[in-house]
Amino acid sequence: PDESYHGLVYADLPAAQFATKCRAQIVRDTGAIMAPQNAFLSWIGCDTLALRMERHSSNAKIVAAYLDKHPKIDWVLHASLPNNRYHAIAQKYLPNGQGGMLSFGIKGDVHRAAAFMEGLQMIAQETHVADVRSCVLHPASTTHRQLSKEELVQAGVPENLVRLSVGIEHPDDILADLPQALAKISVF
């Protein structure tokens with residue numbers, strides 16, 4: 001019960017309970033309302049979301065297949081790959097694409113992963129992901145850098161993990177950036 005609304009229980013409302021709670025209480029209490037221009041830009045972005053997701057997914061599938069065969073890559077996680085443990089379920093529930101986010105491991109240590117990251121020219125190094133432009137993150141040296149090697153293992157963040165948010169650029173442009181950056185990794 002929400003005492004600020006005379007004991008109203010949002011779950012008892014007929015529909016859109018969470019939306020009602022957001023409007024009635026959270027917005028009232030915090031003023032969490034987008035500025036009009038921001039709301040407009042978000043709204044028009046929704047118009048092209050389906051098209052962008054098709055491109056994110058198709059590009060990620062191409063990139064995942066490329067990385068999966070590369071000799072300097074230890075492993076690749078993307079549900080489009082037949083060897084992925086979620087492949088069958090992804091084909092059932094996400095037949096039109098599995099999204100633009102993938103993870104992979106550079107063979108070797110954190111230094112080889114860093115060499116790859118520094119070699120990228122088009123793909124941006126970002127601490128956030130999910131942009132229309134391809135961006136990449138090496139958690140062990142950025143978002144999780146405060147963790148020890150043991151804590152990284154416990155968190156499921158190997159030192160060689162690279163997260164790649166595949167954008168909507170032409171796939172040839174993405175595939176041109178990856179091999180030249182991988183070439184900068186020393187020979188094993």
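**Exercise 1.** How many bridges join strand 2 to strand 5, and do the two run parallel or antiparallel?

*Solution.* The model is predicted.
Step 1. Look at the pair in the structure: strand 2 and strand 5 are joined by 5 bridges, and they run antiparallel.
Step 2. Pick out one contact between them. G105 has L161 of strand 5 as its bridge partner.

**Exercise 2.** Find how many bridges join strand 4 to strand 5, and which residue of strand 5 is the bridge partner of L137.

Step 3. For L137, the bridge partner in strand 5 is R163.

**Exercise 3.** Decide whether strand 5 is mostly covered or mostly open, taking buried to mean under 20% relative accessible area.

*Solution.* Step 1. Strand 5 spans residues 161-165.
Step 1. Of its 5 residues, 4 are buried.
Step 2. Strand 5 is therefore mostly covered, with buried meaning under 20% relative accessible area.

**Exercise 4.** Compare the span of helix 1 with the expected span, then state where the helix kinks and what follows it.

*Solution.* Step 1. Helix 1 runs over residues 17-30, which makes 14 residues.
Step 3. Helix 1 has a kink of about 30 degrees, centred on R23.
Step 4. After helix 1 comes G31, with a positive phi near 70 degrees.

**Exercise 5.** Describe the largest pocket by volume, by the elements that line it and by residue class.

*Solution.* Step 1. The largest pocket holds about 210 Å³ of space.
Step 1. Two or more lining residues come from each of strand 1 (73-77) and strand 2 (101-106).
Step 2. Strand 2 gives the largest share, 3 residues.
Step 3. Among the lining residues are V76, L77, Y86, M101 and L102.
Step 4. Sorted by class, the lining has 6 nonpolar, 5 polar and 1 charged residues.

**Exercise 6.** Repeat the description for the second largest pocket, and name the element that gives the largest share of its lining.

*Solution.* Step 1. The volume of the second largest pocket is about 160 Å³.
Step 1. Helix 3 (residues 49-69) supplies the largest share of the lining, 4 residues.
Step 2. The lining includes L49, R52, M53 and H56, and also M101, D131 and S165.
Step 3. By class there are 6 nonpolar, 3 polar and 2 charged residues in this lining.

Note on methods
Residues are numbered from 1 along each chain as its sequence is written. This is a predicted model: local features need pLDDT of at least 70, side-chain atom pairs count only at pLDDT 80 or more; totals for chains, interfaces and linings use all residues. Side-chain values use heavy atoms; hydrogens and water are left out. The expected span of a helix is 1.5 Å times one less than its number of residues. The bend at a residue is the angle between axes fitted to the seven residues ending there and the seven starting there. On a 1 Å grid over the protein atoms alone, a cavity is a set of points where a 1.4 Å probe fits but cannot get out, and a pocket is an open set with protein on both sides within 12 Å along at least five of seven lines; lining residues have an atom within 4 Å of a point. Grid points are joined across faces, edges and corners, and a volume is the space filled by probe spheres set on the points. Ala, Val, Leu, Ile, Met, Phe, Trp, Tyr, Cys and Pro count as nonpolar, Asp, Glu, Lys and Arg as charged, and the others, Gly among them, as polar. Buried means under 20% relative accessible area, exposed over 50%, partly exposed in between (1.4 Å probe, protein chains only). Two strands pair if DSSP finds at least two bridges between them.
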